[in-house]
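The following note comments on one structure, in numbered points.

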Amino acid sequence: MREKIKIIPAGISPAGKIFEARSATCPLCDSSKIMPLYEIIKYEPGFSVDRCTGCGFIFMNPRFKKSVLAKFYGDNYYTGNEGYTYFDERDAEKFAMHVWRKRIEKIHDKVKAGSFLDVGCAFGGFLKAAQKYYTPYGIELSEYSWVVAKSIYGNNIHLGTLEDHPFHEESFSVITMIELIEHLPDPLSAVKECYRLLKPGGLLLIQTANMDGLQARLQGGTYSYYMPGHLSYLSKKNIRMILGKCGFKKILFYHPVDFGLFPKLMKSRYGFKTLFDYSAWIRITLYHLAGKIRLGNFSATSSLVTYGIK
Ligand SMILES: [Zn+2]
């Protein structure tokens, strides 16, 4: 947990000004059987999440207004100045490259060449690894990171979303959404659009937390995935349902991720300053191994990567 996070009582935010109207139905299956699940109060502003008793989908309800969400993707989001930010991948790029290269090899086992679209490509780091086999394309919502990605890949990088891009039907062999789908209000429409953009035999990669994992269940409302930019919290069952509805022929799940422990350890070295920092490897190793514990739909951690083949 970062120091900047304020602990505030729930409901202190001026709700009408920053939230949309509350949804009475599940955005995934349209069921009206939705129940309040958690009040997430460790951020300012705080927010609520509901759970659909029909399909199990967890979602922010009411959602922040678009104008509020837009503020989450400014420069502070990427430079580490917000409580809920990601690290700035440009500093960490040579460490993250260990993971990116392994992931590209795994994808290459399934799809050999073609155009490669990274949705939510940020500064375009992952696309550098993808260039080994594929022609890189990206979609990025944040102008701050889009400017950097565009300086590398030119017009192949679209500033915007899956709803307003210029790309043509069946033009991509691979599409990746890494830690992206949880930011979207309508995951089903997003996956439908990816399906439309993929060539037959093309691959869609989705990485997001599995909310059915024991980790998410045990940690409840304190689970770190609950943060203001995250609107949609999917389970493995939800992901299978979405990909099936969209028409994907084959679905592959990787627990905990689609690469091994070693690249993960190498990536974690970013920010290590002393020998003591390497003790984090014990925690990371145990987490990785725990991620392999599963039985049917049960899994010990919430780490999950899904490949859908069209
Ligand atoms: Zn539902």
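What distance separates the centres of domain 1 and domain 2, taken over C-alpha atoms?

1. The model under discussion is predicted. Taken over C-alpha atoms, the centres of domain 1 and domain 2 are 23 Å apart. According to the domain assignment of the protein chain, domain 1 covers residues 15–72 and domain 2 covers residues 89–309.

2. The contact between these domains draws on 16 residues of domain 1 and 19 residues of domain 2. On the side of domain 1 that touches domain 2, the elements giving two or more residues are β1 (34–40), β2 (47–52) and β3 (58–60). Of these, β3 gives the most, with three residues.

3. As to composition, the side of domain 1 that touches domain 2 divides into 14 nonpolar residues, one polar and one charged.

4. The crossing of α4 and α10 is left-handed.

5. On the α4 side, the contact is made by Phe95, Ala96, His98, Val99 and Lys102. The α10 side contributes Pro263, Lys264, Met266 and Lys267. The residues of this contact of α4 with α10 comprise five nonpolar, one polar and three charged.

Conventions. Residues numbered from 1 in each chain as written. Predicted model: local features only at pLDDT ≥ 70, side-chain atom pairs only at ≥ 80, totals over all residues. Left-handed = near helix turned anticlockwise from the far one by under 90°. Helix = DSSP H or I, 4+ residues; strand = E, 2+ residues; numbered from the N terminus. Contact = placed C-beta atoms within 7 Å. Nonpolar A, V, L, I, M, F, W, Y, C, P; charged D, E, K, R; others polar. Domains from an automatic or database assignment.
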